[in-house]
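The following exercises concern one protein model and are each followed by a worked solution.

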Amino acid sequence: RTPGGLTPLLPQVLWAGASGVVGAVVAARRPRLPIGWLLVGIGLLMALGLAAGQYAVVAVLDAPGSVPFGPVAAWLSAWPFTAGFLLLPFLFLLFPTGRLPGPRWRPLAWAGAAVYAANVFGVAFQPGPINPEELGPLENPLAIPALGGAGDLPARIVIPLMLLVVLASVVSLLVRLRRSVGVERQQLKWFAYAAGLFGLATFVNVVASLLGADQAGLLVTTLPVVALPVAIGVAVLRHNLFDIDRVINRTLVYGALTVALLAVYASVVLVLGQLFGGIGDQPPSWAVAGATLAVAALFQPARRRIQQVVDRRFNRRKYDAAKTVEVFSARLRDEIDLDTLSAELLAVVDQTMQPRQGWLWLRPSTERTRYSGV
């Protein structure tokens, strides 16, 4: 644990726990679907690697000899987490139906399994230090000397092949998304949304580490790592499946709003600080208060404007429907001819909801019923 901050293992612990729990629920509900069992495998392997790593730190570094099987725990800390992480491409290949996108993807699946096995085997039995960054020069107790004769050649071959498998599995997911309709498309949207959050969080974490803000990077990464297994659980169990469009919409709106308001706040504080405090000086308290009030005043107008932009760009049908209803509402206040209103109402329904057929019954004060239809 870093003094006064988050432990660097927190995202990994959350990821392992979420994968195991969600995988167990999915496997219990859908035992014939391999998605749940893959998540269980990911969670168990990651948890084993993390637990063995902490045990090995105590047995080898903190209190040598105080607990038994230190070298074995160190060996178990070297490869299970990697093995769990490298199961993710198979989730991409099989999600959400548990089957490959088509027969042409079978060679990729078999090649990926072979490369996966070679990678895990090489990490587990490669001669040399097990984990020099955390455990020092502790040698691999189960090393196979024959693997050391080739030097780094296996790593130079296996790792690029594994990267190709990962890229190909992502392509398979995009191909499936392009062909999907209905429920399967909503399932893939959940998966793609969570994968996008995870990728963005990983990028932010890398940038924060390069800038020396490790704690900020850990804070940003903590929740998105849980999003991927949770999204898989929602998609497979179909719980609130069709809420994904609303989730994506709100994420885009409030993400853009947060960035815009932070930019306004920083700009106001910087400008006022330079004008009245001097370069490098602490900005006056009234400048900070003014920037806060400016952000508060801009919140609602900026949110409405960003919502309109997002709807127009990413949900054009809903945006056009809302505009059509708004125009019809203004027209309704001025029109008094019943036949004209009936025709316009049916036209609005046809434009916004696009039904195959539409009817309108009007019952006046008399017993006679008027009928219109399109």
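**Exercise 1. State how many residues the largest nonpolar core has, and identify the elements that contribute to it.**

Solution. Step 1: The largest nonpolar core has 54 residues, and those with the most contacts inside it are I35, L91, F95, Y116 and I232. A nonpolar core is a set of buried Ala, Val, Leu, Ile, Met, Phe, Trp, Tyr and Cys residues joined through side-chain atoms within 4.5 Å. Buried means under 20% relative accessible area, exposed means over 50%, and partly exposed lies in between (1.4 Å probe, protein chains only).

Step 1: Two or more residues of this core come from each of α1 (10-29), α2 (34-62), α3 (70-76), α5 (88-94), α6 (106-125), α9, α10 and α12 (224-237). The largest share, 9 residues, is given by α2. Helices (H or I, at least four residues) and strands (E, at least two) are DSSP runs numbered from the N terminus.

Step 2: A second, separate core has 7 residues, including L257, A302, I306 and V310.

A note on conventions is needed here. The model is predicted: local features need pLDDT of at least 70, side-chain atom pairs count only at pLDDT 80 or more, and totals for chains, interfaces and linings use all residues. Residues are numbered from 1 along each chain as its sequence is written, and side-chain values use heavy atoms, with hydrogens and water left out.

**Exercise 2. Decide whether Q187 is buried or exposed, and place it in its helix.**

Solution. Step 1: Q187 belongs to helix α10 (residues 182-210). This helix has 29 residues and reaches 42 Å from its first C-alpha to its last, close to the 42 Å expected at 1.5 Å a residue. The expected span is 1.5 Å times one less than the number of residues.

Step 1: Q187 counts as buried because its relative accessibility is 7%. Other buried residues of α10 include W190, F191 and Y193.

Step 2: Leaving aside neighbours within four places in sequence, the contacts of Q187 are F95, P96, A235, V236, R238 and L241.

**Exercise 3. Describe how far α12 is covered, and examine L237 within this helix.**

Solution. Step 1: α12 is mostly covered, as 10 of its 14 residues are buried. Among them are P224, L228, I232 and V236.

Step 1: The 14 residues of α12 should span 20 Å at 1.5 Å a residue, and the end C-alpha atoms are 20 Å apart, which agrees.

Step 2: L237 lies in α12. It counts as partly exposed because its relative accessibility is 30%.

Step 3: L237 touches V25, V26 and R29, not counting residues up to four places away in sequence. The C-alpha atoms of L237 and V26 are separated by 7.1 Å, although these residues are 211 residues apart along the chain.

Step 4: Just after α12, R238 takes a positive phi of about 60 degrees.

**Exercise 4. Classify F69 and T258 as buried, partly exposed or exposed.**

Solution. Step 1: F69 lies in the loop between α2 and α3. F69 is exposed because its relative accessibility is 62%. Its phi is near 60 degrees, a positive value in a residue other than glycine.

Step 1: T258 is placed in helix α13 (residues 244-276). T258 is partly exposed because its relative accessible area is 43%. In space, T258 and F299 are 9.3 Å apart, C-alpha to C-alpha, and in sequence they are 41 residues apart.

**Exercise 5. State how many helices and strands there are in the protein, and what percentage of its residues is buried.**

Solution. Step 1: The protein contains 16 helices and 2 strands.

Step 1: Of its 374 residues, 33% are buried.

Definitions and conventions: Contact = heavy atoms within 4.5 Å.
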